[in-house]
Amino acid sequence: MTTFDAGTLVQPTLRARRLGLHSQHQPIVIMRTDCHVCRAEGLSGRSQVLLSAGGREVRALLYQVEGDGLLAPGEAALSEPAWEMLGVAEGDAIAVTHAPAVESLANVRRRIYGHRLDAGALAAIVGDVAQGHYTDVHLAAFLTSSAALPLDENETADLTAAMIAVGERLSWNAPVVVDKHCVGGLPGNRTTPLVVAIVAANGLIMPKTSSRAITSPAGTADTMETLAPVDLDLAALKRVVEQEGGCIAWGGAVHLSPADDKFVRIERELDVDTEGQLIASVLSKKIAAGSTHVVIDIPVGPTAKVRSEESARHLAERIRAVAARSGLEARCLLTDGSQPVGRGVGPALEARDVLAVLRNAPEAPDDLRRRAAMLAGAALEIGGKAEPGQGVSLALTTLADGRAWTKFAAICEAQGGMRTPPVAAQSHPIVAPRAGRVVHIDNRKLARLAKLAGAPDVKAAGIHMETRLGEEVERGQPLLHLHAETTGELAYALDYAAAANDIIRVEQ
């Protein structure tokens, strides 16, 4: 419809219609090919448009349909993200125009052609990303340009600063605030809930915000969500930390680094995780959370994300250098990445390992216990709660005497109440083809296997490891158990396991 105001032509509008289209985070508007607004504005399919209503504006991707089947004349259908971001009701008037040019895309094009970017260029890109001006194609272009020509130290530091600047930033009434992060690539390495419990039980502040899975079968937030709510807003996060000294929350809910949340989503779809982006992602969130000291776990192994000690040392040096430029002290630990940590791979299965360690259960995986104690010990040392070389002993004692379990239970209650991790409906063993010794475990193939079984979206899905490197097995002995919710998902995973070579290699 077209409206008039005191004889002045006002921008043509359309009636909003909620389509119920779930398009992840991409705002989409659907209009008829014969729509008068499309004709007036010269809009065509896959145009970038600006939706306006009630003082709000949203950039969206336009799709077009023909005829009366989906839309009546004068209607525009919105995807769920567009509907929620615009805040309209059914039938409200919305204006649709060409989206203004995004000037910072010129910097992305410069990066694609091999030019380094300065602080101003990166700040412009990140600012536009945070405001939702970049489409998924634009985001993918920037991330790809940062992979083809890796970010140098200056670019990484400037990207980190830009990502901090566009988000919230917490502060705590404490001289030392510790944090911990693992660069990933190692299935089952779910040390964070244990580290937070140990550190908080010893009186340090640890406001841990964690991500969901990017390329793995489970992120810390996915695992923790099977034990307690993790979608804490800033007020809830502050309350939990002030009450218990620590938390394990999903970073996406508190918007400490909103641009990174968008980058992570595209990284998940591209299955990429570049060094510079990784460092900026990790450090921006730690600094925004108010941390002063951070322990970084860098697993090293032939099928881990970091393959060699040389690469790990380079990454550690880059992390420390960028952290120092931001006023953050980082301690990097190079750890064994040759095989999964613990027994579980997948949110609920990893959560059960965590509970077993905290409760000092006989079946608790000792490698997970000792790895968590090593990382917590480093945090206790840099936080001033343990003398150099004494942190691991204090961490193990905190687990053994039950203080870590008591603290973890209290944190879960403060976050909304402890939950019992779900159990999958389907389980099937994968057995040793011959008797012999386990000589190789492929972390990447295991991660793929767990994802085919349904992890991390299906919280109970994944893998339970039944053997470790160096162990002797008999022919037909289970090497692992697959867990899935449906027979279809189980079948997909079993087909992959049959076709893949040497997920777990046994030699006589």
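**View 1. C182 and its distance to the closest cysteine.** The sulfur of C182 lies 11 Å from the closest cysteine sulfur, the one in C332, and that is too far for a bond. Is C182 buried or exposed? With a relative accessibility of 16%, C182 counts as buried. Please keep in mind that this is a predicted model.

View 2. Looking through the whole structure for disulfides turns up 0 of them. C38 is accordingly in no disulfide, and its nearest cysteine sulfur, that of C35, is 4.5 Å away. A disulfide needs two cysteine sulfur atoms within 2.5 Å. C38 has a relative accessibility of 3%, so this residue counts as buried.

**View 3. Helix α13 from end to end.** Helix α13 takes in residues 309-325, which makes 17 residues. At 1.5 Å a residue the helix should span 24 Å, and this agrees with its end C-alpha atoms, which are 24 Å apart. Just after α13 comes G327, whose phi is positive, at about 80°.

View 4. Which residues of α13 are buried? They are A312, L315, A316, R318, I319, V322 and A323. Looking down the axis of α13, you find these buried residues within an arc of 165°, so they line one face of the helix. Turned away from that buried side is a face with the exposed residues E309, E310 and A324.

Note on methods:
Residues are numbered from 1 along each chain as its sequence is written. This is a predicted model: local features need pLDDT of at least 70, side-chain atom pairs count only at pLDDT 80 or more; totals for chains, interfaces and linings use all residues. Side-chain values use heavy atoms; hydrogens and water are left out. Buried means under 20% relative accessible area, exposed over 50%, partly exposed in between (1.4 Å probe, protein chains only). Helices (H or I, at least four residues) and strands (E, at least two) are DSSP runs, numbered from the N terminus. The expected span of a helix is 1.5 Å times one less than its number of residues. The arc is that of the directions from the helix axis to the C-beta atoms.
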